[in-house]
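Student: Please take a close look at a single part of this structure and then place it in its wider packing. I would like one connected account, with every cut-off stated.

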Amino acid sequence: MNNLGQRIKELRKKNDLTQEKLADYLGVTYQSVSKWETGVTMPDLALIMPLARLLHVTTDELLGGKSEETDARRTEYDKRCEFSWNYNVEENYRIALQAVSEYPGDYKYLTWLALMESCVAANQKRKEDPALPPSSELIERSIFHNNRVIEECKESEIRETAIWNTMITYVENDRREEALKCAQLFPDKRRVTRNEALKLCLQGEEKITHQQNMSLDALRKFCLSLSDIYYFAEKREAHAMAALDIEEAVLKTVFPDGNYGSFHGNLYCAYEKRAEFELFDGNYDKAVEYLCVMMDHAKKVYGLEVVRYTCGVFDRISARLSKQYLPIPYIKIGKNDIAKPFLEQIKDSLMKDDLYASLRDREDFKKLFI
């Protein structure tokens, strides 16, 4: 008993945890932790695994044995955490809860849980599931968990993800003043990036390919900034139409051969918005025309496995895409079933969204599903 208590004490200090903080993570009193460390009592069996993970050791190491070979459970959690959008939101929320319970000191998992809480809250606003907490409770939980990461996590990437997610949660719930406070937490300047450093060190073909990749990334960010202008516009306005026209003009200039690669996803969003504006104005013929173009871009981006750009400025770039994680700027969380293939999601949206109700008896609209 004394050996285990001494081990807990050493690992707690190594991880810069007080008895109070360790107790808080595990849901026990700090007096319990003190009794473990002095050998008066031992942790409950149910706490051994969370305690080991919180102290960043295996259960064998905590109990004095040898390191475990692998942790298949952690591998599955990491996969779901990294590719959250590939999974059903409610299911992923429950698994994130489990991951945080088993790995209470892992800020990456806590950020993942906070994101899932926000997403489930959005779903609950549309159609409440009595088996899940209400939207208002989930929103506050998400903010609480993100704030814990912001205050305690020393890894800048995880911390900034938590700041971003908190800010978006505030914005989506019309809490603008709190969102602005989050925005102020982002660093104004960064040190030189890895890409900028590599640009100075590489030579020949490697340098050209690297510069092309940097330019491609800059183009993605520019197009996303334009789509931010038009995608959330509620009606046809000059600034929204200008953003649509500029994005398309830029892409046609950069890709004169029409091989847009992953940017078919951007054009899919652009023509979805053009069709929406036409519907608002009662121009149904034009709306269906734009929906046809939208579907064409959707089919092309969904059919991609490897992007090989053939335009001059990106002629050295080849990238593999995942059909499960398409380069679409916006996903309608809670509106479409993201577990379905992307083309099925589009068809569901066209058939279920009230926006398209006025088109459903038209033959040219029905042809979109062929």
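Tutor: Thr169 is found in helix 10, residues 156-172 (helices are DSSP runs of H or I with at least four residues, strands are E runs of at least two, and both are numbered from the N terminus). The model is predicted, so local features need pLDDT of at least 70 and side-chain atom pairs pLDDT 80 or more, while totals for chains, interfaces and linings use all residues. Residues are numbered from 1 along each chain as its sequence is written, and side-chain values use heavy atoms, with hydrogens and water left out.

With a relative accessible area of 3%, Thr169 is buried (under 20% relative accessible area; exposed is over 50% and partly exposed lies in between, with a 1.4 Å probe and protein chains only). Setting aside residues up to four places away in sequence, Thr169 touches Ser118, Ile139, Ser142 and Ile143 (contact means heavy atoms within 4.5 Å).

Turning to the nonpolar packing, the largest core has 50 residues, of which Leu22, Leu51, Leu55, Leu62, Tyr109 and Trp112 touch the most other members (a nonpolar core is a set of buried Ala, Val, Leu, Ile, Met, Phe, Trp, Tyr and Cys residues joined through side-chain atoms within 4.5 Å). Helix 8, residues 107-126, supplies the largest share of this core, nine residues. Apart from this core lies another, of 44 residues, including Leu216, Leu251, Ala287 and Tyr309.

The structure also holds twelve aromatic pairs (rings of Phe, Tyr and Trp, the last by its six-membered ring, pair if their centres lie within 6.5 Å; planes under 30 degrees apart count as stacked, over 60 as edge-to-face and the rest as tilted). Tyr77 and Tyr109 have ring centres 6.0 Å apart and planes at 80°, so this pair is edge-to-face. Tyr77 belongs to helix 6, residues 72-82, and Tyr109 to helix 8, so that the pair links distant parts of the chain, 32 residues apart. Both Tyr77 and Tyr109 are buried.

For Phe255 and Phe314 the ring centres are 6.0 Å apart and the planes at 40°, so the pair is tilted. Phe255 lies in the loop between helix 14 (238-254) and helix 15 (264-280), and Phe314 in the loop between strand 1 (306-308) and strand 2 (318-320), so the pair ties together parts 59 residues apart in sequence. Phe255 counts as buried at 1% relative accessibility, and Phe314 is buried at 3%. Together with Tyr260, Phe263 and Tyr309, Phe255 and Phe314 form one aromatic cluster.
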